[in-house]
Amino acid sequence: MSLTVEERKMLAAEWCSKAKNKLENVIVHVGCMSLKDSQELAQHAGEIGADGIAVISPSFFKPATVGALKMFLQEVAAVVPAVPFYYYHIPAMTGVHLRSRDVLEGIDAEIPSFRGLKFSGSDLMDFGQCVSYSPSHWSLLYGMDEQLLGALAMGANGAVGSTYNYLGSSVNRLISAFNKGDLTMARTLQFQVQDILCYAMDCGFDLAVNKQLMSEVSGLVLGPPRLPLLPCPQSKAVSIARKLKQVLGVQ
């Protein structure tokens, strides 16, 4: 959300190019404060061969009702009707606390390209109701990394999370253990993720820290965050990275 429209286009194009024969899907987020900007990004995503687009709710002038939100989503989806469309629910960031289950009601008639939901909220009842309502060809992706196991039990069939940039292997093992019915192992792995995140939160974990931690663990220079986020002291990221390796038992 701190990037310009042109920067987002450039980034999306690079991901779609590099992902060929490597990733199953690239879903491009095209949500903006401006409907016109969202439509421009959606059109571009279709042109570069994205496998889907996702949209969060506008968060400055917020939709007051589910109907208003769905009208916004519909206007974006209509620009590229052949591209699968996903609603991205992240109330902690948008301040929009409309129930996702209400958003899904009848949405396939309004947005024929609708294919699922990324649910980044802690309300597992709302998420469970979304799963219960959804047809089998929709994807219900969960985005609260610290409680993924609960969402899997509710019926999530995928996960998207920022910490998976460095915890992805552990989370893949968690999902695999759950799918095999090994709940003891799945809980152990979820508790490890929670231990790491609890330590990080005690250190003052935020988006800037998360980005610096990605750099520290991967060895890739990702650069500083943009204002108003402030750079994370490297010592903080090093401390969290050390804890991560200790908990996961890696060098």
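User: What makes Met-1, Met-33, Phe-60 and Phe-61 a nonpolar surface patch?

Analyst: In this predicted model, local features need pLDDT of at least 70 and side-chain atom pairs count only at pLDDT 80 or more, while totals for chains, interfaces and linings use all residues. Residues are numbered from 1 along each chain as its sequence is written, and side-chain values use heavy atoms, with hydrogens and water left out. A patch is made of residues with over 30% relative accessible area and no salt bridge; nonpolar side chains (Val, Leu, Ile, Met, Phe, Trp, Tyr) are joined within 5 Å, like charges within 9 Å. Met-1, Met-33, Phe-60 and Phe-61 make such a patch, of about 530 Å². Accessible areas come from the Shrake-Rupley method with a 1.4 Å probe, and for residues only the protein chains shown count as cover.

User: Why is Phe-60 called exposed?

Analyst: Exposed means over 50% relative accessible area, buried under 20%, and partly exposed in between (1.4 Å probe, protein chains only). Phe-60 has a relative accessible area of 63%, so the residue is exposed. Phe-60 is found in the loop between β2 (52-56) and α3 (66-77); helices (H or I, at least four residues) and strands (E, at least two) are DSSP runs, numbered from the N terminus.

User: Is Ser-120 buried or exposed, and what does Ser-120 touch?

Analyst: The relative accessibility of Ser-120 is 7%, so this residue counts as buried. Ser-120 lies in the loop between β4 (114-119) and α7 (124-133). Contact means heavy atoms within 4.5 Å. Leaving aside residues up to four places away in sequence, Ser-120 touches Tyr-88, His-89, Ile-90, Pro-91, Gly-143 and Met-144.

User: What makes β1 and β6 edge strands?

Analyst: Two strands pair if DSSP finds at least two bridges between them. The 6 strands form an open sheet with parallel pairing, in the order β1-β2-β3-β4-β5-β6. Here β1 (27-29) and β6 (158-159) each have a single partner strand, so one side of each lacks a neighbour in the sheet.

User: How do you know that β1 and β2 pair, and that β3 and β4 pair?

Analyst: β1 and β2 are joined in the parallel sense over 3 bridges, and His-29 has Ala-54 in β2 as its bridge partner. Strand β3 (residues 85-89) pairs with β4, also in the parallel sense, over 5 bridges; the partner of His-89 in β4 is Phe-119. As for cover, 5 of the 5 residues of β2 are buried. Gly-52, Ala-54 and Ile-56 point one way from β2, and Ile-53 and Val-55 point the other way.

User: Why is the contact between Glu-40 and Lys-9 called a salt bridge?

Analyst: A salt bridge is a side-chain nitrogen of Lys or Arg within 4 Å of a carboxyl oxygen of Asp or Glu. The side chains of Glu-40 and Lys-9 meet at 2.7 Å, N to O. Glu-40 lies in helix α2 (residues 35-47) and Lys-9 in helix α1 (residues 5-19), so the pair ties together parts 31 residues apart in sequence. Lys-9 is buried, at 16% relative accessible area, whereas Glu-40 is partly exposed at 33%.

User: How do you know that Glu-14 and Lys-18 form a salt bridge?

Analyst: Their closest N and O atoms are 2.6 Å apart. Glu-14 and Lys-18 are 4 residues apart in helix α1, which means a separation of about one helical turn. Glu-14, at 42% relative accessibility, counts as partly exposed, and Lys-18 is partly exposed at 48%.
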